[in-house]
Amino acid sequence: MFNEAQLYSPVTTGTDGDVTVHLSDEHPGVHDQAYRIRRNAIAAMALSYRPGEPLPHVEYTDAEQGVWRIVSAELARKHRTYASAEVLAGAERLDLPTDHIPQLDEVTAKLVPLSGFQYVPAPGLVPLRQFFGSFAHRTFHSTQYIRHHSTPLYTPEPDSIHEIIGHANQLASPRFAAIYAEVGAAVARLETDAALKFLADVFWFSMEFGVVREQGEVRCYGAGLLSSYGEIEEFRGAQLRPLNIHEMGTAVYDITHYQPVLYCAESVAEIEDVVGGFFATMTDDSVARAQAAHRPA
């Protein structure tokens, strides 16, 4: 998550102004020229956006809309079994469309009355300080492209399904949205890359891949799990550990594989107290002191 260029498709702008999304050799769409042109055009729309302007609309193709319909239906079924009650309640209030990919202003119109969060476009991965810092203003930077139609149930990178079905359903909960806002406030206090990385890794094991015990069952609230057709079936087989901020902030993990270790809360209240409480009070010094205290003698 911290080594941005190695993990996602970098976006560059040439001297001629042309925008290029650089897909990896393993990306499902790497050999599809039409898909690559499409990705470049959507990224260019995001790069040209300026705050205060109308959000750019993407005219999605029938194939792209078909991917959304397939994945929406499949994930909705899985959420009923695996998603936390807090997420399910938020998703019911948000009521995302299942027949078409919602435009970002459509997501914003549904989300603002619930938690105050608004969506703005991103061409690809946003630098961590900008991405997390925007949460203080209840703003979420979202990609607008959708995964390749040949693999509707898989993507190697965050797409609209992850950003909207994963994060928007989570942000529809005022309790989870408040934790995001504390993340944004924390970023404003942080100066060192070490502390920012620690914040990003705690976020990864909570708001991206967090799980919670409810009525004797382990259910997910993390956006990465909520939007993953494959991993949402497997997360209960991970090694579950209690919330531990130091472990979460220093764990070594591989985002290209299912997570073998997850941190399980006993309630949403514990997530608020432990994770939200950490973000609300963290500073460069507190992170440095915690790391020093756990460093082997």
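Q: Which residues touch the most other members of the largest nonpolar core?
A: In this predicted model, where local features need pLDDT of at least 70, side-chain atom pairs count only at pLDDT 80 or more, and totals for chains, interfaces and linings use all residues, they are Tyr119, Phe132, Phe135, Leu199, Phe235 and Phe279, out of 87 residues in that core. A nonpolar core is a set of buried Ala, Val, Leu, Ile, Met, Phe, Trp, Tyr and Cys residues joined through side-chain atoms within 4.5 Å. Helix α9 (residues 193-208) gives the most to this core, with 10 residues; helices are DSSP runs of H or I of at least four residues, numbered from the N terminus. Residues are numbered from 1 along each chain as its sequence is written, and side-chain values use heavy atoms, with hydrogens and water left out.

Q: Why is Gln215 called exposed?
A: Exposed means over 50% relative accessible area, buried under 20%, and partly exposed in between (1.4 Å probe, protein chains only). Gln215 has 85%, and is therefore exposed.

Q: Why is Arg138 called partly exposed?
A: The relative accessible area of Arg138 is 27%, so Arg138 is partly exposed. Arg138 is found in the loop between α6 (128-133) and β4 (139-142).

Definitions and conventions. Helices (H or I, at least four residues) and strands (E, at least two) are DSSP runs, numbered from the N terminus.
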